[in-house]
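Subject: Structure handover and notes

Hello,

Please find the structure below, with notes on what turned up in it.

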Amino acid sequence: MNVLIVGAGGREHALAWKIRQSPLVGTVYCAPGNGGIAEMAELLPVRADDLEGLLAAARQHSIDLTVVGPEHPLTAGITDLFEANGLKVFGPSRDAARLEGSKAFAKAFMKAHGIPTAEFRSFTAAERYDAERYINEVPVPIVLKADGLAAGKGVTICETKEEALALLDSMMEGKKFGDAGLTVVIEEFLVGEEASVFAISDGREFVTLIPAQDHKRILDNDQGKNTGGMGAYAPAPVITEELLERIRRTIIRPTLVAM
């Protein structure tokens, strides 16, 4: 079968490398891809956010399966579009992708369904003064998150209230993260190791992949700013089998039922 990979980063490079190893796969295409991906897949000159262009390319090249890497086309509804046109695609629907595309939605979803999460409040630009008052009421460090997609750079840990207030101003007034920062999630700071557990679901059942950790801060001893994840390793030793089973029961299963 022919496979189309959507995206142009390291994630898509890894997907192309692995997918082409399958004996079931004929030709691997990537849109738009990059120089490294070109060594193992045929590149198509279509942007990852051009959903109609991707649909046309999938039809033109007789694509049997499309695998979507970036968040933007998923939150824009590429899965819904392809499925409506009878094409198979690996990626969540627009509604399910809101868990990634809106931090405020994801936090409210977790609270509504009893999924453990840090304490938080969300504020729109119209509620800026309420946000400032909230910052002055809660202890520091405090975490500010741009609600929308910000290429992994929308989360900042503020060590002082002054830093948090200045960041809030730059997000809501200065539009530091564009429209993604017009709604801000202000969240309790939690101490500990961070790891990721990914689940693949057909809407009814799920399987979990090997737990992974990415490299968050740029300096030793967590002294620098968040990088958005510069590389990752798996398995993550901090996720034991016992903890993984708890995650399956208390996070993944409730999310699947609620969706």
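How many bridges join β7 to strand β9, and in which sense do the two run? There are five, and β7 and β9 (residues 183-188) run antiparallel.

First, the basis. This is a predicted model, in which local features need pLDDT of at least 70 and side-chain atom pairs count only at pLDDT 80 or more, while totals for chains, interfaces and linings use all residues. Residues are numbered from 1 along each chain as its sequence is written, and side-chain values use heavy atoms, with hydrogens and water left out. Helices (H or I, at least four residues) and strands (E, at least two) are DSSP runs, numbered from the N terminus.

Two strands pair if DSSP finds at least two bridges between them. I142 stands opposite C158 in β8, and L144 has I186 of β9 as its bridge partner. Buried here means under 20% relative accessible area, with exposed over 50% and partly exposed in between (1.4 Å probe, protein chains only). Five of the five residues of β7 are buried, so the strand is largely enclosed by the rest of the structure. The cover is on both faces: I142, L144 and A146 are buried on one side, V143 and K145 on the other.

D147

D147 is buried but has no salt bridge (a side-chain nitrogen of Lys or Arg within 4 Å of a carboxyl oxygen of Asp or Glu). The nearest side chain of opposite charge is that of K103, 6.9 Å away; Lys and Arg count as positive and Asp and Glu as negative, with His and the chain ends not counted. The D147 side chain does make a polar contact of 2.7 Å with the side chain of S102, and reaches the backbone nitrogen of A104 at 2.7 Å. A polar contact is a pair of N or O atoms within 3.5 Å; within protein, one must be able to donate a hydrogen and the other to accept it, and residues adjacent in sequence count only if both atoms are side-chain atoms. Leaving aside neighbours within four places in sequence, the residues in contact (heavy atoms within 4.5 Å) with D147 include G101, F105, A180 and T183.

The parallel sheet

Five strands form an open sheet in the order β3-β2-β1-β4-β5, with parallel pairing. Its edge strands are β3 (42-43) and β5 (89-90), each pairing on one side only. Strand β1 (residues 3-7) pairs with β2 over five bridges, and L4 stands opposite Y29 in β2.

Helix α2 and backbone geometry

The buried residues of α2 are L51, G53, L54, L55, A57 and A58. Their cover includes β1, β2, α3 (71-76) and α4 (78-84). Just after α2, S62 takes a positive phi of about 50°, in the loop between α2 (51-60) and β4 (65-68).

Most residues other than glycine have a negative phi, and most peptide bonds are trans. A cis peptide bond joins A31 and P32, with omega about -5°; P32 is in strand β2 (residues 28-32). Another cis bond joins V140 and P141, with omega about 0°, and P141 lies in the loop between α7 (128-137) and β7.

Regards
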